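Trainee: I would like to learn how to read a few features of a structure. Could we take them one at a time?

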Amino acid sequence: MHKQEYKIETYLICNIDKKYQSVLSKFRLYSNNLSIETGRYTNVERKDRLCIQCTMSMIEDDYHVLLVCPKYRHFRQKLFTPYFCKWPSLQKFTTVMSSSSPQTLLKLSKFLFLVFKERQT
């Protein structure tokens, strides 16, 4: 959904700290510990792969974590413009995930780094 054309992605060649670049790569490649992924390996029905970080009873996928889950609202508000913090949509998700702006990519990767760091605690 967020890969618009076949080319090397900007986040791989711009000057982003490797720890941020790594978490962004894992997120984009679906190599993470979100319920949508872990449920595949434990034969959990897709509809039952819910977010345990909040009480919204939504599937914990990349869209939910990035734009919806209230647990990460403070990170969103700290790093993203208000446009991305209100009224989540697939268009906004695609916009941020397909961005080639180094500033946006840095903010996105920092956001993901903080989210996954918090999930470890």
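Mentor: Start with the nonpolar core, a set of buried Ala, Val, Leu, Ile, Met, Phe, Trp, Tyr and Cys residues joined through side-chain atoms within 4.5 Å. Buried means under 20% relative accessible area, exposed over 50% and partly exposed in between, with a 1.4 Å probe and protein chains only. This is a predicted model, where local features need pLDDT of at least 70 and side-chain atom pairs count only at pLDDT 80 or more, while totals for chains, interfaces and linings use all residues. Residues are numbered from 1 along each chain as its sequence is written, and side-chain values use heavy atoms, with hydrogens and water left out.

Trainee: Which residues of the largest nonpolar core touch the most other members?

Mentor: Leu66, Phe111 and Leu112 do, in a core of 31 residues. At least two core residues come from each of helix H2 (18-28), H4, helix H5 (73-79), helix H7 (90-97) and helix H8 (102-120). The largest share, six residues, is from H8. Helices here are DSSP runs (H or I, at least four residues), numbered from the N terminus.

Trainee: What is leucine 112 in contact with, leaving aside its neighbours within four places in sequence?

Mentor: Contact means heavy atoms within 4.5 Å. On that basis leucine 112 is in contact with Val23, Leu24 and Phe27.

Trainee: How many disulfides does a search of the whole structure find?

Mentor: A disulfide is a covalent bond between the sulfur atoms of two cysteines. The criterion is a pair of cysteine sulfur atoms within 2.5 Å. The search finds zero. For cysteine 51, the nearest cysteine sulfur belongs to cysteine 54, 3.8 Å away. For cysteine 69, the nearest is that of cysteine 51, at 3.9 Å. Cysteine 69 is buried, with a relative accessible area of 0%, and cysteine 51 is buried at 5%.

Trainee: Where does arginine 49 lie, and which side chain of opposite charge is nearest?

Mentor: Arginine 49 is in the loop between helix H3 (35-41) and helix H4 (62-68). For charge, Lys and Arg count as positive and Asp and Glu as negative; His and the chain ends are not counted. A salt bridge is a side-chain nitrogen of Lys or Arg within 4 Å of a carboxyl oxygen of Asp or Glu. Arginine 49 is buried yet has none; the nearest side chain of opposite charge, glutamate 37, is 6.7 Å away. A polar atom of the arginine 49 side chain does lie 2.9 Å from the backbone oxygen of isoleucine 36.

Definitions and conventions:
Polar contact = N/O pair within 3.5 Å; in protein donor to acceptor, adjacent residues only side chain to side chain.
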